[in-house]
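The structure is shown first.

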Amino acid sequence: MSEPLFWLGLSIFLVAISLTAVLVVAIPALQELARAARSAEKFFDTLSRELPPTLDSIRMTGLEITDLTDDLSEGVKSASGVVKQVDQSLNSAKQQAQNIQINTRSVFVGFKAAWKSFTRSKGGKRTSDRLLVNQKATLTSRERESLRHYNRTQKSEQYRNQESYQDSADWESDDTLDWEKEE
């Protein structure tokens, strides 16, 4: 450490060589950094030009999808309404068909009873139906009871909604069977 100037000059010289080496290495790195900055600037310019229209089209697509979803839900509601109406129409048609079947049975049984009544012989009249009012009063209580039983509706004569269609033999009432027996 005898010569401090020498050491000072040597250290300044080494610092100058180090700075030169750093500058030689840093210049290409700075050039690459400048190129990256220009590329980023171009990218940001492109984004600023292209991004707003893209975002608008995405927003419009979202609104269109919402409109289509609303239309679809309205279509589903109207379809369910149509299905309900068809179901009600089918139920109504089924009820009308049952009523027609009931009326047809009633008319057929009425015509059959009328035909049998029309075609039966006139000689075999039932006297219990033809009694005069003053003659009915002279009947015994036992005779009255038997006439009441005869005039009551039998269970097989009563109409039932739940009966299914059966052949015409089941349609005959006990009265028409009694008329056939009297003849």
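Buried residues account for 5% of the chain's 183 residues. The model is predicted.

The chain contains four helices and zero strands, giving the pattern α-α-α-α along the sequence. Of the contacts between residues at least 6 apart in sequence, 60% join residues at least 24 apart.

Three aromatic pairs are present in the structure. A pair of aromatic rings is described by the distance of the centres and the angle of the planes. Two of the pairs are described here.

| Pair | Centre distance | Plane angle | Class |
|---|---|---|---|
| Phe 6 and Trp 7 | 5.4 Å | 70° | edge-to-face |
| Trp 115 and Phe 118 | 6.2 Å | 40° | tilted |

The planes of Phe 6 and Trp 7 stand at 70°, so this pair is edge-to-face, the class for angles over 60 degrees. Trp 7 has a relative accessible area of 48% and is therefore partly exposed, since exposed residues must be over 50%.

The planes of Trp 115 and Phe 118 stand at 40°, so this pair is tilted. Both residues belong to helix H1 (residues 4-119), where they are three residues apart, about one turn of the helix. Trp 115 is exposed, at 57% relative accessibility. Phe 118 is exposed as well, with a relative accessible area of 62%.

How values were computed
Residues numbered from 1 in each chain as written. Predicted model: local features only at pLDDT ≥ 70, side-chain atom pairs only at ≥ 80, totals over all residues. Heavy atoms only, no water. Phe/Tyr/Trp six-rings, centres within 6.5 Å; stacked < 30°, edge-to-face > 60°. Buried < 20%, exposed > 50% of the residue type's maximum accessible area, 1.4 Å probe, protein only. Helix = DSSP H or I, 4+ residues; strand = E, 2+ residues; numbered from the N terminus. Contact = heavy atoms within 4.5 Å.
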